[in-house]
Amino acid sequence: MRPQTSILVLFSTLLLSGTAAYAADDIQPAPNAYDWTGFHVGVGAGLGGASHNAGAEIYNRDLGGLIQVGPIDLFSIGAMLDVGGDGYLGTIEGGYDYQIGDRFVIGIQGDYTWSNIDATGGINGDVCYEDFPTPGPGDDCDTATVSDSPSIDYSLTAKNSWSVLGRAGFVVNPGSLAYGLGGFTRTHMEGNLSLTSLDTGTVPLSSYDYDRDGWTVGGGIEALISGAMSMKLEYRRTQWDSSNNYPIPIGADAGINTWDDAAIHTIRGVLSYRFGGGSAEQQAAVDAIPAVDWTGFHVGASGGFSTVRHNAGIEVHDYNTGGLLQVGPIDLFKIGGDLDFGGEGMIGRLDAGYDMQFGDRLVVGLVGDYTFSNTKSQVGLFGDYCLEGVETVPGPGADDCDNAVTTASGDLTYTLHTGNSWSVGGRAGVLLNPQTLFYGLGAFTRTKMDADITLNTGYAPIGSEELLSYSYDRDGWTFGFGMETMVSENLSAKLEYRNTKWTDNELYGDAIQGFSRSEDSNVQSFTTGLSWRFN
C-alpha cells in the first residue's frame, strides 16, 4: 500500500470510529450546536523531517559498455543514498469551512510556510603548515601543532512553501472536528556549498535554488477554545514529483542520470480566529460542551509514519609529527566526514497509561508503549552488466556481451533498520475545552537497531549473499506533544508527534592515533489512533 493511501486509511478509520461512537448517542451535541461555517485565519509553528532518496548513475549501453573487467562488461554503475533532515517551521493560513447537517464539514484553505528543514554533509580535517610560525623551537609541522581546521560543507534546505488544500471532516463531539486534507504544494529549495578555514573564514563556493512541486495529504484535530478561537494539531506528508530527475545525455546510448525522490513529514499547531464565532449563540454553544472526567486508565492503538536522521561521522587521525600524510608544505593530521544519513517508514503502536484530572483544566498521567517499525535507511552501489559466454537473448553474436545485452542487474547495499522500541514516561496537558486535551510528553526510549550488508548479483546461478548482519540497542530520550479528543463516553481519538534523540560516540585506538566513528541521531514519529478509557 502506498504511504499516501495509508495515511488516508488511518484518518478514515479515526473518522469512521468517531462517527459510530457519536451516532451511538454516547456524547450528544449541545442543544444549540456550534456552527463551523465561516472564514478563518490562523498562525502556527511546528517541526518536520525530510527523506531524500538521492542517486546518480553513469551508463553506456554500446558494445563494450563503460569498462571491461575479465569476463564482465559493465554497462552502468551508480550509487544511491537515503539522506535525512529535520528542522522547524512557522506558518500563516486562511480558509473557509462549510458545515453540512449536524456533523460534516468541508472546506478549502491556503497557507504560506517558512521552514529550515535541512540535510547536510561535509569533509573536514586538521592540518599544519610548514614555515608557519608559532612560539617554540620550530614551525607548526616541526612541533606537531594544528595550524588550521578547514572544512567543506554542503546543505540542502526546504525553505519556504505554499499550499492550496481541501479538507473534509466530522464533528466528533460538540467542541472538536477531526478531518483529512489533501492538495498541491510548491516548495522552494536552497543548496549551499562552502569552504571554512581560519585563514579565509567561510567562503561560499556554490549557491543555488529551485522549486519543487508535490502533493500533500494528511489530517488533524481542531478544537474550540471559545466561540471565536480554535486550536488545531495537523500532520502533513508532502511527496515531491518524482519526475524531477535529471538525465544528462552524452551520446545515443551513454549519459548520466541523477534523481532525488523526496518527501517531507510535518506536524504543526495552529491557533485560528473564526469570523462570526464571537456571537452570543456561538459562545453559548461552546459554554454548553458537556464536561468529561479524564481520570482513569486507558489503552490504545495507533499508526503512522516516522523519519530518521543519523548525523554519522567517520574520522581517521594521527597527531604525531608528520601526521597521516604530507602533501607539499602541508601535513594532514586528521581527515573526516559527516553526512545526514536518513530514511522513513511506517509504524504501529500499542500504549497504556493512567491520567488524573486536577480541577477543570489540568491533566497529568503516566504512559508506556511498544512501537513496531519498518523504518530503514539505505546506501548502495548498483549496476547493469553482461557476462561473456552467457546468451540470454538470441542474437548474431556468441553471447550477451557480443550483443550488448544486459545479463543482470546487481547491487551492494547497506541497510540500517530502526526497529521496534519501547518507552516509559509521563504527560501533562491542558483541556482546550472539556472534551479535548492538548498535552506534552517525555519518556525514556530503547530502540532495537538491525544492520546488514547484502550482495545481490541479479544472476540466478550466482545468487545473492548476506555479507554482514548485526543488531544493537540504542537508548534515548523522547519529547513530544499531541491532541486527544473524546468521540464517545469511553472512546477517544488522538494525533501525536514524538522526537527521540540518541547521542553516541565511539573511539577506536587512542587520543593520539586511531579511528573514530560518531553518530548523533533522532527519530520523529507522527501517529493517529484510538484509546479506550476506563472511567
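Let's start with one side chain. The side chain of Asp340 makes a polar contact with the side chain of Arg309, at 3.4 Å. A polar contact here is a pair of N or O atoms within 3.5 Å; within protein, one must be able to donate a hydrogen and the other to accept it, and residues adjacent in sequence count only if both atoms are side-chain atoms. The side chain of Asp340 also makes a polar contact with the side chain of Asn311, at 2.9 Å.

A word on the source. This is a predicted model: local features need pLDDT of at least 70, side-chain atom pairs count only at pLDDT 80 or more, and totals for chains, interfaces and linings use all residues. Residues are numbered from 1 along each chain as its sequence is written, and side-chain values use heavy atoms, with hydrogens and water left out.

Back to Asp340. It sits in strand S13, residues 330-358. Helices (H or I, at least four residues) and strands (E, at least two) are DSSP runs, numbered from the N terminus. Is Asp340 buried or exposed? Asp340 is buried, because its relative accessible area is 3%. The cut-offs: buried is under 20% relative accessible area, exposed is over 50%, and partly exposed is in between, with a 1.4 Å probe and protein chains only. Leaving out residues up to four places away in sequence, Asp340 touches Asp82, Val83, Gly84, Asp118, Ala119, Thr120, Arg309, His310 and Asn311. Contact means heavy atoms within 4.5 Å.

Next, Gly300. This glycine is found in strand S11, residues 296-318. Gly300 has a relative accessible area of 12%, so Gly300 is buried. Which residues does Gly300 touch, not counting residues up to four places away in sequence? They are Arg349, Leu350, Asp351, Leu530 and Ser531. Take Leu530. Gly300 and Leu530 are 230 residues apart along the chain, yet their C-alpha atoms are separated by 5.6 Å.

For contrast, take Asp287. This residue lies in helix H2, residues 280-287. Asp287 counts as exposed, because its relative accessibility is 59%.

Now the strands. Look at S16, residues 408-433, which pairs with strand S14, residues 362-373, in the antiparallel sense over ten bridges. Two strands pair if DSSP finds at least two bridges between them. Tyr370 has Trp422 in S16 as its bridge partner. Strand S15, residues 375-387, also pairs with S16, antiparallel, over eleven bridges. There, Gln378 has Thr415 as its partner in S16. How many bridges join S16 and strand S17? The number is 20, again antiparallel, and S17 spans residues 436-456. S16 and S17 form a hairpin with two residues between them. Asn433 is bridged to Thr436 in S17. One general point: in a regular strand the side chains alternate between the two faces of the sheet.

On to the cores. A nonpolar core is a set of buried Ala, Val, Leu, Ile, Met, Phe, Trp, Tyr and Cys residues joined through side-chain atoms within 4.5 Å. The largest one has 14 residues, and those with the most contacts inside it are Leu233, Tyr235, Ile267, Phe481, Met483, Leu495 and Tyr497. Strands S7 (201-224), S8 (229-240), S18 (464-486) and S19 (491-509) each give two or more residues to this core. S8 gives the largest share, three residues. A second, separate core has twelve residues, including Tyr34, Trp36, Val105 and Leu177.

Last, the rings. A search of the whole structure finds 21 aromatic pairs. Rings of Phe, Tyr and Trp (its six-membered ring) pair if their centres lie within 6.5 Å; planes under 30 degrees apart count as stacked, over 60 as edge-to-face and the rest as tilted. Tyr319 and Phe333 have ring centres 5.9 Å apart and planes at 20°, so this pair is stacked. Tyr319 is partly exposed, at 24% relative accessible area, whereas Phe333 is buried, at 0%. Tyr470 and Tyr472 are stacked too, at 6.1 Å centre to centre and 20° between the planes. Ring pairs also link Tyr235, Phe305, Phe438, Phe481, Tyr497 and Phe526 into a cluster.

The charged end of Arg237 sits over the ring of Phe305, 5.8 Å from its centre. The rule is NZ of Lys or CZ of Arg within 6 Å of the ring centre and within 35 degrees of the ring normal. Likewise, the charged end of Arg427 sits over the ring of Tyr439, 4.5 Å from its centre.
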